[in-house]
Amino acid sequence: MMEHSTCEERLRQSPQLGPGFQLLESLTCAGGEVGKDICAAGGGSPLVCPIEDSANQYYQAGIVSWGYNCGLDGVPGVYTKVAEVRRSIDDQMVANGYDTVSYTA
């Protein structure tokens, strides 16, 4: 994971986005390392982080939005911040007949 400003600056260094690129606040970044970053067909996959002091437990921090060149050139992958869209996720779950108890307990 990385700070929003660091992420935005690293994305601006990619030729496809350029110096005027602005990263939405609902997005976050991670990776930027070859072999440890998102590539093609990863959209929608979870970004999970370990819960400190809890063996084998994780929380979902993001959902893959897009990546650039599989982490080459140090450009990070971009993820939707789950915390920012949580209400929308809950609304869609309920609207489709699913209970949110399994991930809120």
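Guide: Helices (H or I, at least four residues) and strands (E, at least two) are DSSP runs, numbered from the N terminus. This is a predicted model, where local features need pLDDT of at least 70, side-chain atom pairs count only at pLDDT 80 or more, and totals for chains, interfaces and linings use all residues. Residues are numbered from 1 along each chain as its sequence is written, and side-chain values use heavy atoms, with hydrogens and water left out.

Visitor: Where is Asp90 found?

Guide: Asp90 sits in helix 2, which spans residues 82-95. The chain has three helices and four strands. Their order from the N terminus is α-β-β-β-β-α-α.

Visitor: Why is Asp90 called buried?

Guide: Buried means under 20% relative accessible area, exposed over 50%, partly exposed in between (1.4 Å probe, protein chains only). Asp90 has 18% relative accessibility, so Asp90 counts as buried. Across the chain, buried residues make up 30% of the 105 residues.

Visitor: What is Asp90 in contact with, leaving aside neighbours within four places in sequence?

Guide: Contact means heavy atoms within 4.5 Å. On that basis, Asp90 is in contact with Thr100 and Tyr103. Of the chain's contacts with a separation of 6 or more, 48% join residues 24 or more positions apart.

Visitor: What makes a side chain positive or negative here?

Guide: Lys and Arg count as positive, Asp and Glu as negative; His and the chain ends are not counted. Each charge is placed at NZ of Lys, CZ of Arg, CG of Asp or CD of Glu. The chain has 6 positive and 13 negative side chains, and the centres of the two sets lie 2 Å apart.
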